[in-house]
Amino acid sequence: MSALPHAGVSFRPMRIEDLDTVCAIEQRIYPFPWSRGNFVDSLIARYTCTVMELEGGIIGYGILTAAAGEAHLLNLSIDAPWQGRGHGRALLMHNIDLARGLGARLLLLEVRPSNEVARALYRDVGFEQITVRRGYYPDTNGREDALLLALAL
Ligand SMILES: CC(C)(COP(=O)(O)OP(=O)(O)OC[C@H]1O[C@@H](n2cnc3c(N)ncnc32)[C@H](O)[C@@H]1OP(=O)(O)O)[C@@H](O)C(=O)NCCC(=O)NCCS
(Lines give C-alpha, C1' and ligand atoms only; values in the text may rest on other atoms or scores of the structure.)
Protein backbone atom coordinates (compact mmCIF):
# COMPACT_ATOMS: atom_id res chain seq x y z
CA MET A 1 0.00 0.00 0.00
CA SER A 2 1.29 3.49 -0.77
CA ALA A 3 0.01 6.78 0.52
CA LEU A 4 -0.04 10.47 -0.27
CA PRO A 5 0.15 11.89 3.26
CA HIS A 6 -0.49 15.46 2.10
CA ALA A 7 -3.86 14.53 0.68
CA GLY A 8 -4.81 11.86 3.25
CA VAL A 9 -5.34 9.52 0.34
CA SER A 10 -4.17 5.91 0.09
CA PHE A 11 -4.25 3.09 -2.44
CA ARG A 12 -4.90 -0.63 -2.06
CA PRO A 13 -5.84 -3.54 -4.32
CA MET A 14 -9.54 -3.74 -5.21
CA ARG A 15 -11.45 -6.65 -3.64
CA ILE A 16 -14.68 -8.32 -4.66
CA GLU A 17 -16.35 -6.80 -1.55
CA ASP A 18 -15.62 -3.33 -2.98
CA LEU A 19 -17.78 -3.87 -6.04
CA ASP A 20 -21.06 -2.51 -4.61
CA THR A 21 -19.31 0.81 -3.96
CA VAL A 22 -17.28 0.74 -7.17
CA CYS A 23 -20.35 -0.04 -9.30
CA ALA A 24 -22.35 2.73 -7.59
CA ILE A 25 -19.59 5.22 -8.45
CA GLU A 26 -19.37 3.84 -11.99
CA GLN A 27 -23.15 4.37 -12.44
CA ARG A 28 -22.89 7.92 -11.11
CA ILE A 29 -20.09 9.13 -13.34
CA TYR A 30 -20.49 7.40 -16.72
CA PRO A 31 -23.41 7.52 -19.13
CA PHE A 32 -22.26 4.05 -20.28
CA PRO A 33 -20.84 2.44 -17.13
CA TRP A 34 -18.90 -0.80 -16.89
CA SER A 35 -21.05 -3.65 -15.64
CA ARG A 36 -20.33 -5.49 -12.40
CA GLY A 37 -19.25 -8.38 -14.63
CA ASN A 38 -16.56 -6.20 -16.25
CA PHE A 39 -15.04 -5.59 -12.80
CA VAL A 40 -15.40 -9.24 -11.74
CA ASP A 41 -13.68 -10.32 -14.96
CA SER A 42 -10.85 -7.83 -14.31
CA LEU A 43 -10.34 -9.24 -10.81
CA ILE A 44 -10.47 -12.84 -12.04
CA ALA A 45 -7.99 -12.03 -14.83
CA ARG A 46 -5.71 -10.60 -12.12
CA TYR A 47 -5.53 -7.20 -13.73
CA THR A 48 -4.02 -4.58 -11.46
CA CYS A 49 -7.24 -3.23 -9.92
CA THR A 50 -6.69 -0.45 -7.39
CA VAL A 51 -8.97 1.58 -5.19
CA MET A 52 -8.16 5.04 -3.88
CA GLU A 53 -9.42 5.74 -0.37
CA LEU A 54 -9.94 8.85 1.69
CA GLU A 55 -10.86 8.50 5.35
CA GLY A 56 -11.70 4.84 4.84
CA GLY A 57 -14.07 5.38 1.92
CA ILE A 58 -13.47 4.62 -1.75
CA ILE A 59 -13.32 7.78 -3.86
CA GLY A 60 -11.77 6.35 -7.04
CA TYR A 61 -10.31 3.34 -8.79
CA GLY A 62 -8.16 2.27 -11.71
CA ILE A 63 -7.88 -0.91 -13.76
CA LEU A 64 -4.55 -1.64 -15.40
CA THR A 65 -3.29 -4.56 -17.41
CA ALA A 66 0.26 -5.19 -18.57
CA ALA A 67 1.97 -7.73 -20.81
CA ALA A 68 5.07 -7.84 -22.95
CA GLY A 69 6.32 -4.40 -21.95
CA GLU A 70 3.00 -2.68 -22.71
CA ALA A 71 0.40 -1.58 -20.17
CA HIS A 72 -3.19 -0.56 -20.84
CA LEU A 73 -5.18 1.63 -18.47
CA LEU A 74 -8.72 0.33 -18.92
CA ASN A 75 -10.53 2.45 -16.34
CA LEU A 76 -9.64 5.58 -14.34
CA SER A 77 -12.41 7.02 -12.23
CA ILE A 78 -12.98 9.51 -9.44
CA ASP A 79 -16.38 9.71 -7.73
CA ALA A 80 -18.35 12.81 -8.69
CA PRO A 81 -18.07 14.79 -5.42
CA TRP A 82 -14.30 14.32 -5.39
CA GLN A 83 -13.55 15.35 -8.97
CA GLY A 84 -11.54 18.48 -9.74
CA ARG A 85 -9.42 18.36 -6.56
CA GLY A 86 -6.27 16.70 -7.88
CA HIS A 87 -7.29 13.14 -7.00
CA GLY A 88 -7.55 12.00 -10.64
CA ARG A 89 -4.03 13.20 -11.32
CA ALA A 90 -2.77 11.37 -8.21
CA LEU A 91 -4.60 8.18 -9.23
CA LEU A 92 -3.14 8.42 -12.74
CA MET A 93 0.39 8.94 -11.40
CA HIS A 94 -0.07 5.96 -9.09
CA ASN A 95 -1.13 3.80 -12.06
CA ILE A 96 1.86 5.04 -14.06
CA ASP A 97 4.11 3.89 -11.20
CA LEU A 98 2.30 0.54 -11.11
CA ALA A 99 2.76 0.13 -14.89
CA ARG A 100 6.48 0.83 -14.55
CA GLY A 101 6.64 -1.70 -11.73
CA LEU A 102 5.06 -4.27 -14.03
CA GLY A 103 7.89 -3.71 -16.50
CA ALA A 104 5.91 -1.69 -19.04
CA ARG A 105 7.71 0.79 -21.24
CA LEU A 106 4.53 2.11 -22.85
CA LEU A 107 1.16 2.96 -21.29
CA LEU A 108 -1.88 3.02 -23.56
CA LEU A 109 -5.44 4.20 -22.95
CA GLU A 110 -8.58 5.14 -24.85
CA VAL A 111 -10.52 8.34 -24.24
CA ARG A 112 -13.63 9.84 -25.77
CA PRO A 113 -12.93 12.95 -27.88
CA SER A 114 -15.78 14.65 -25.95
CA ASN A 115 -14.10 14.01 -22.56
CA GLU A 116 -12.33 17.37 -22.25
CA VAL A 117 -11.38 16.93 -18.58
CA ALA A 118 -9.69 13.56 -19.04
CA ARG A 119 -7.99 14.69 -22.26
CA ALA A 120 -6.58 17.78 -20.53
CA LEU A 121 -5.19 15.60 -17.72
CA TYR A 122 -3.63 13.07 -20.11
CA ARG A 123 -2.14 15.82 -22.30
CA ASP A 124 -0.66 17.52 -19.26
CA VAL A 125 0.97 14.29 -18.08
CA GLY A 126 2.53 13.80 -21.54
CA PHE A 127 0.28 11.32 -23.35
CA GLU A 128 0.27 11.61 -27.12
CA GLN A 129 -2.43 10.55 -29.54
CA ILE A 130 -1.37 7.64 -31.71
CA THR A 131 -4.58 6.83 -33.57
CA VAL A 132 -8.36 7.08 -33.61
CA ARG A 133 -10.48 3.97 -33.10
CA ARG A 134 -13.64 4.62 -35.11
CA GLY A 135 -16.98 3.93 -33.39
CA TYR A 136 -15.28 2.40 -30.34
CA TYR A 137 -17.71 3.62 -27.66
CA PRO A 138 -21.50 3.39 -27.39
CA ASP A 139 -23.13 6.80 -27.52
CA THR A 140 -26.65 8.22 -27.33
CA ASN A 141 -26.45 8.97 -31.06
CA GLY A 142 -24.94 5.63 -32.03
CA ARG A 143 -21.20 5.30 -31.56
CA GLU A 144 -18.38 7.65 -30.56
CA ASP A 145 -14.75 7.33 -31.64
CA ALA A 146 -11.95 6.69 -29.17
CA LEU A 147 -8.62 8.44 -29.19
CA LEU A 148 -5.84 5.96 -28.46
CA LEU A 149 -3.21 7.74 -26.36
CA ALA A 150 0.24 6.53 -25.37
CA LEU A 151 2.81 7.55 -22.79
CA ALA A 152 6.41 6.39 -22.95
CA LEU A 153 7.40 5.24 -19.46
C1 LIG B 1 -11.17 12.28 -15.60
C2 LIG B 1 -10.98 12.21 -14.09
C3 LIG B 1 -10.35 10.87 -13.69
C4 LIG B 1 -10.02 13.35 -13.67
O5 LIG B 1 -9.92 13.33 -12.27
P6 LIG B 1 -10.17 14.69 -11.42
O7 LIG B 1 -9.91 14.36 -10.01
O8 LIG B 1 -11.51 15.22 -11.76
O9 LIG B 1 -9.06 15.66 -12.03
P10 LIG B 1 -7.94 16.50 -11.24
O11 LIG B 1 -8.59 17.38 -10.24
O12 LIG B 1 -6.90 15.57 -10.77
O13 LIG B 1 -7.39 17.43 -12.41
C14 LIG B 1 -6.40 16.95 -13.28
C15 LIG B 1 -6.41 17.76 -14.55
O16 LIG B 1 -7.61 17.46 -15.27
C17 LIG B 1 -8.02 18.66 -15.94
N18 LIG B 1 -9.28 19.11 -15.39
C19 LIG B 1 -9.82 18.80 -14.18
N20 LIG B 1 -11.04 19.38 -14.06
C21 LIG B 1 -11.23 20.07 -15.20
C22 LIG B 1 -12.31 20.86 -15.69
N23 LIG B 1 -13.42 21.07 -14.99
N24 LIG B 1 -12.19 21.37 -16.94
C25 LIG B 1 -11.08 21.17 -17.70
N26 LIG B 1 -10.03 20.42 -17.27
C27 LIG B 1 -10.11 19.89 -16.05
C28 LIG B 1 -6.93 19.70 -15.70
O29 LIG B 1 -5.94 19.52 -16.69
C30 LIG B 1 -6.41 19.24 -14.35
O31 LIG B 1 -5.12 19.70 -14.09
P32 LIG B 1 -4.92 21.08 -13.25
O33 LIG B 1 -5.70 20.91 -12.00
O34 LIG B 1 -3.45 21.14 -13.03
O35 LIG B 1 -5.45 22.16 -14.12
C36 LIG B 1 -12.34 12.39 -13.34
O37 LIG B 1 -12.85 13.68 -13.62
C38 LIG B 1 -13.36 11.34 -13.66
O39 LIG B 1 -13.37 10.28 -13.06
N40 LIG B 1 -14.26 11.64 -14.64
C41 LIG B 1 -15.34 10.71 -15.00
C42 LIG B 1 -14.78 9.41 -15.54
C43 LIG B 1 -13.82 9.62 -16.68
O44 LIG B 1 -14.07 10.39 -17.59
N45 LIG B 1 -12.70 8.88 -16.62
C46 LIG B 1 -11.68 8.91 -17.63
C47 LIG B 1 -12.07 8.02 -18.77
S48 LIG B 1 -10.79 7.96 -20.02
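**View 1. Strands β4 and β5 run antiparallel and are joined by eight bridges.** Strands here are DSSP runs of E with at least two residues, helices are runs of H or I with at least four, and both are numbered from the N terminus. Two strands count as paired if DSSP finds at least two bridges between them. Look for A66, which stands opposite A71 in β5. Two residues lie between the strands in this hairpin, and A68 takes a positive phi near 50°. This is a predicted model, in which local features need pLDDT of at least 70 and side-chain atom pairs count only at pLDDT 80 or more, while totals for chains, interfaces and linings use all residues. Residues are numbered from 1 along each chain as its sequence is written, and side-chain values use heavy atoms, with hydrogens and water left out.

**View 2. β3 and β4 pair in the antiparallel sense, over seven bridges.** Here you can find E53 with its bridge partner I58 in β4. The hairpin of β3 and β4 has two residues between the strands, and E55 takes a positive phi near 50°.

**View 3. The largest nonpolar core has 27 residues.** A nonpolar core is a set of buried Ala, Val, Leu, Ile, Met, Phe, Trp, Tyr and Cys residues joined through side-chain atoms within 4.5 Å; buried means under 20% relative accessible area (1.4 Å probe, protein chains only), exposed over 50%, and partly exposed in between. M52, L92, L107, Y122 and F127 have the most contacts inside this core. Several elements each supply at least two of its residues, among them β3 (48–54), β4 (57–67) and α4 (116–125). The helix α3 gives the most, with five residues. Another core, of 11 residues, lies apart from this one and includes M14, V22, C49 and I58.

**View 4. What surrounds F127?** Leaving aside neighbours within four places in sequence, F127 is in contact (heavy atoms within 4.5 Å) with L92, L107, L109, Y122, L149, A150 and L151.

**View 5. Around the ligand there are 20 residues.** A residue is near a molecule or strand if one of its heavy atoms lies within 4 Å of it. I78, G86, G88, R89 and N115 come nearest to the ligand. An oxygen atom of the ligand is 2.6 Å from an N or O atom in the side chain of N115. For I78, a polar backbone atom is 2.8 Å from an oxygen atom of the ligand. A nitrogen atom of the ligand is 3.1 Å from an N or O atom in the side chain of Y30.

Key:
A polar contact is a pair of N or O atoms within 3.5 Å; within protein, one must be able to donate a hydrogen and the other to accept it, and residues adjacent in sequence count only if both atoms are side-chain atoms.
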